[in-house]
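Look at the fold as a whole before turning to its details.

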Amino acid sequence: MGINHSSLSDKRLKIGDVFTPVEWGNFAIMQFDIFTKWMNGASVFDPTMGEGNLLDSLVIHGVERGFSITELPLKNLYGNELNSTYCERAIKKFQKKYGIDMSSNFSNCDILELEHKEYDLIFGNPPWQNFVDLPKNYKQKIKEYFLNYDLVGNSQSLLLGGSRIDIAALVIQIAVKDFLKNNGEAFLFAPLSILLNDGANQHFRTYKVNDTPFSLVKVYDFNDVDVFNGIATRYSLIHLKRDIASTFPIPFERHEKGKWLSLLAKPLFHLTDPLSIYDIDSENILNDIVPIEIDKESVPRQGINTCGANKIFFFESYKEIDDANCLVNESITLPKKFVFPLITSKNFKDDSINPRKWVLLPYHSNGRPLELSVLKSYPNLYQYLFKHQEELRHRKGIMIGSWLKKGYWWALLGMGYYNFMPYKIVWEAYGKKEFCPLIFDGKWQANQSLQAFIPVRTLREADRVLTELSNPVIESYLLSLKMEGTMNWAQPGKIKKLINYKKEHLTLFD
Ligand SMILES: C[S@@+](CC[C@H](N)C(=O)[O-])C[C@H]1O[C@@H](n2cnc3c(N)ncnc32)[C@H](O)[C@@H]1O
């Protein structure tokens with residue numbers, strides 16, 4: 001790829017240094033018959049080998065099958081590792097256990113800079129870490145690799161440093177492109193996010209590196225198996241094949257309650273969609289999904305985000321004082337027109353009539369924040385916000401930062417004309433296993449950390465959209481994405497995929 005850096009990385013860096021227990025290396029060897037391939041002459045390379053556990057598991061497997069060390073083709077095992085200590089330990093381990101010097105097979109280099117060489121098989125466990133969480137210096141240096149290895153698309157977020165793409169995706173792209181022979185195969189332990197999450201990881205799901213395609217052949221989802229000693233990331237073992245385009249569905253084995261369930265996986269609508277996981281009996285149901293038609297202005301939205309200032313904007317009690325004013329939290333007088341009922345999970349459990357919380361929105365009904373002069377024309381409102389000015393100004397984040405820069409320190413995120421449309425179809429988007437949307441009067445506001453919604457203009461439209469969203473096939477679709485109980489259960493992005501937009505509708509403040 002022609003990238004030259006004198007010293008990309010510090011050899012003391014520790015990035016994603018969780019090693020694969022040998023028994024799980026053996027699991028991969030058994031599932032994919034890696035041992036036989038190796039014995040038949042295939043070269044095997046671990047691009048980020050840590051202390052060499054995966055390569056060692058091939059040797060252990062061979063010894064357990066009754067082969068002597070001299071019968072095993074150790075000269076065909078290759079490894080590379082960024083961290084010098086781990087690399088030395090790998091060399092020492094092979095020396096001590098097998099009396100073999102692997103120092104000319106094992107290199108100590110950043111895989112991003114290692115001289116390209118083609119192997120028959122890759123057997124690895126790349127580091128798992130979100131780009132945003134990488135050391136700052138390193139992040140800066142490796143940005144261009146994401147671009148050169150086809151992982152950015154049109155996204156600006158990587159350039160801004162906020163991308164949640166996993167570095168595992170980059171290592172996999174490099175391994176497949178630069179270290180595999182034509183039609184070579186890769187067996188990799190990898191975070192499931194690259195297959196199942198929306199957002200930045202979708203760039204991995206073009207299943208190609210520039211003009212080199214590869215196919216996702218099979219996935220093992222460890223789900224409830226603790227392979228990596230308490231690591232919370234959801235992880236998998238994936239099989240890739242270079243130079244063959246992906247075709248779906250593919251076999252997807254998922255470990256549940258002590259056994260492997262044989263399921264299928266495919267992206268439902270577009271190639272880069274997160275994989276939907278389903279059993280063969282559900283295939284027809286998923287194929288039957290009919291898109292929901294809505295206006296562009298009704299695009300699904302996240303609720304309001306105070307950027308850490310819930311205490312300032314959210315209230316526990318509300319009393320009307322007169323036509324114009326209300327008393328919130330039993331002590332603060334505010335103009336009624338800027339205080340709205342905030343939806344809570346209780347509104348989904350019993351009824352949707354009684355508000356339990358309220359939210360202050362210093363906004364015009366077109367979704368623009370009040371200008372300072374307007375704010376000042378409501379002395380109670382201004383005084384209240386002014387009292388919290390310091391805290392509001394110190395909120396962190398790129399998006400809120402741009403409002404702060406413009407002087408709107410009372411702004412929130414998730415605000416637009418859609419907050420003030422006459423009706424909202426709202427659903428709980430996080431941590432749920434069921435999809436139960438409800439219609440709320442437009443004054444009710446959704447809370448970003450809990451709900452998402454579709455705003456509409458008429459009750460008739462609300463009823464229609466609700467009926468279509470309540471089709472059990474929608475819940476089946478969400479369940480197929482295997483995000484039940486997580487933060488990613490039913491965010492707007494997932495529902496957007498089920499939608500066809502009726503007509504262009506010009507909105508000023510989208
Ligand atoms: C998840 S561990 C797996 C190690 C080994 N494959 C195993 O399964 O035991 C990932 C390894 O990648 C190494 N690593 C991280 N970034 C790397 C890079 N850019 N180049 C080479 N190795 C890297 C880490 O130091 C760590 O040892």
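What follows is a walk through a predicted model.

Begin with the chain as a whole. Its secondary structure consists of 17 helices and 23 strands. The C-alpha trace spans about 90 × 50 × 40 Å along its principal axes. Of the 510 residues in the chain, 53% are buried. Contacts can also be sorted by how far apart the partners lie in sequence. Taking contacts between residues at least 6 apart in sequence, 72% join residues at least 24 apart.

Now turn to the helices. Helix α1 covers residues 22-32, and its axis comes within 8 Å of the axis of α3. At what angle do the axes of α1 and α3 cross? The crossing is at roughly 70 degrees. Angles from 65 to 115 degrees count as roughly perpendicular, so α1 is roughly perpendicular to α3. The crossing of these two helices is right-handed. On the α1 side, the contact is made by Val-22, Gly-25, Asn-26, Ile-29 and Met-30. On the α3 side, the residues are Asn-53, Leu-54, Ser-57, Leu-58, Ile-60 and His-61. Sorted by class, this contact has six nonpolar and five polar residues, and no charged ones.

Helix α3, residues 53-64, also packs with helix α4, residues 84-98. Here the axes are 11 Å apart, and the angle is about 15 degrees. Angles under 35 degrees count as roughly parallel, so α3 is roughly parallel to α4. This crossing, too, is described as right-handed. Asn-53, Leu-55, Asp-56, Val-59 and Ile-60 are the α3 residues in the contact. They meet Lys-93, Phe-94, Lys-97 and Tyr-98 of α4. The residues of the contact between α3 and α4 comprise five nonpolar, one polar and three charged.

The last topic is charge. Side chains of opposite charge can pair when their charged atoms come close. How many salt bridges does a search of the whole structure find? The search finds 19.

One of them joins the side chains of Asp-221 and Arg-254, with an N to O distance of 2.8 Å. Asp-221 belongs to strand β7 (residues 212-221) and Arg-254 to strand β9 (residues 250-256), so this pair ties together parts that are 33 residues apart in sequence. Are Asp-221 and Arg-254 buried or exposed? Both Asp-221 and Arg-254 are buried.

Another salt bridge is formed by the side chains of Arg-242 and Asp-243, at 3.0 Å from N to O. Residues under 20% relative accessible area count as buried, so Arg-242, at 7%, is buried. Asp-243 has a relative accessible area of 27% and is partly exposed.

A further salt bridge links Glu-428 with Lys-432, and their closest N and O atoms are 3.8 Å apart. Glu-428 has 16% relative accessibility and therefore counts as buried. Lys-432 has 28% and therefore counts as partly exposed.

Terms used. Residues numbered from 1 in each chain as written. Predicted model: local features only at pLDDT ≥ 70, side-chain atom pairs only at ≥ 80, totals over all residues. Heavy atoms only, no water. Salt bridge = Lys/Arg side-chain N within 4 Å of Asp/Glu carboxyl O. Helix = DSSP H or I, 4+ residues; strand = E, 2+ residues; numbered from the N terminus. Buried < 20%, exposed > 50% of the residue type's maximum accessible area, 1.4 Å probe, protein only. Axes fitted to C-alpha atoms, helices over the stretch in contact; angles between N-to-C directions. Parallel < 35°, antiparallel > 145°, perpendicular 65-115°, else oblique. Left-handed = near helix turned anticlockwise from the far one by under 90°. Contact = heavy atoms within 4.5 Å. Nonpolar A, V, L, I, M, F, W, Y, C, P; charged D, E, K, R; others polar.
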